[in-house]
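Have the sequence and the 3D view open side by side while you read. We'll go through the sheets, then the helices, then the aromatic rings.

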Amino acid sequence: MKAPALSPCLGVPDTQAAVDFYEKIGFTALPAGDDPNDDLRILLFEGEFALMVYREDQLRSWLPNLKETPVGAFGMFYLAVDDFDSYVERIRPLVTVQKDVLEHHGQKLFYFTDPNGYVIAAAQKQTW
């Protein structure tokens, strides 16, 4: 598996809770390592690398300049999905909707938050 050029790593209060959420909405989590001081998990979507989740205290320790940055910091992520309508229908009851389905420049989008406040937009997969 090849990691993308940009690999998001989200700081979360409870790594397992984050993994449980993402698995409910179609992600797969790779097993955790054996080091209890490194609670980092890699998440795949449709078999491809999508993001990492890392317990916030460990991430703050790893990069001290993040010490005061709140979980769910400003920004958003886009998740490209093959079958937009069926994916949104499946996850809608599992997420907090921030902006319902809309079309922008010919692309369908659906914005929601994860349990830690990170904003994710499901988007119909496109080729550029």
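This is a predicted model: local features need pLDDT of at least 70, side-chain atom pairs count only at pLDDT 80 or more; totals for chains, interfaces and linings use all residues.

Residues are numbered from 1 along each chain as its sequence is written, and side-chain values use heavy atoms, with hydrogens and water left out. The names are simple too: helices (H or I, at least four residues) and strands (E, at least two) are DSSP runs, numbered from the N terminus.

S5 and S8 run parallel, joined by 6 bridges; two strands are said to pair if DSSP finds at least two bridges between them. They belong to an open sheet of 4 strands with mixed pairing, in the order S5-S8-S7-S6. Which strands stand at the edges? They are S5 and S6, each with a single partner strand, so one side of each has no neighbour in the sheet. From one strand to the next, the twist averages 20° (axes are lines fitted to C-alpha atoms, for helices over the stretch in contact, and angles run from 0 to 180 degrees between N-to-C directions).

## Two hairpins around S7

S6 and S7 run antiparallel and are joined by 6 bridges. One of the residue pairings here is His104 with Gln107 in S7. The hairpin of these two strands has 2 residues between them, and His105 takes a positive phi near 55° there.

On to the next hairpin. S7 and S8 also pair in the antiparallel sense, over 5 bridges, and Tyr111 stands opposite Ala121 in S8. This hairpin has 5 residues between the strands, with Gly117 at a positive phi near 95°. How covered is S7? Mostly: 6 of its 7 residues are buried, where buried means under 20% relative accessible area, exposed over 50%, and partly exposed in between (1.4 Å probe, protein chains only).

## The other sheet

Now for S1 to S4. They make an open sheet with the order S1-S4-S3-S2 and mixed pairing. Its edge strands are S1 (9-12) and S2 (27-29), each pairing on one side only, and the twist averages 30° from one strand to the next.

S1 and S4 (residues 48-55) pair in the parallel sense over 4 bridges. Look for Val12, whose bridge partner in S4 is Arg55.

## Helices with a buried side

In H1 (residues 15-24), the buried residues are Thr15, Ala18, Val19, Phe21 and Tyr22. They sit on the same side of H1 because they cover an arc of only 160° around the axis (the arc is that of the directions from the helix axis to the C-beta atoms). These residues pack against S1, S2, S3, S4, S7 and S8.

H3 (residues 84-91) has Phe84, Tyr87, Val88 and Ile91 buried. Their arc is only 95° around the axis, which puts them on the same side of H3. What covers the buried residues of H3 includes S2, S3 (40-45), S5 (76-81), S6 (96-104), S7 (107-113) and S8 (119-124); contact here means heavy atoms within 4.5 Å.

## Rings in a cluster

Time for the aromatics. Rings of Phe, Tyr and Trp (its six-membered ring) pair if their centres lie within 6.5 Å; planes under 30 degrees apart count as stacked, over 60 as edge-to-face and the rest as tilted. By this rule the count comes to 7 aromatic pairs. The ring centres of Tyr22 and Phe27 are 5.2 Å apart and the planes are at 80°, so the pair is edge-to-face. Phe27 also forms a tilted pair with Phe45, at 4.9 Å centre to centre and 50° between the planes. Phe27 lies in S2 and Phe45 in S3, so this pair ties together parts that are 18 residues apart in sequence.

Are these two buried or exposed? Phe27 counts as buried at 6% relative accessibility, and Phe45 is buried too, with a relative accessible area of 7%. Both belong to one aromatic cluster, formed by Phe21, Tyr22, Phe27, Phe45 and Tyr87.
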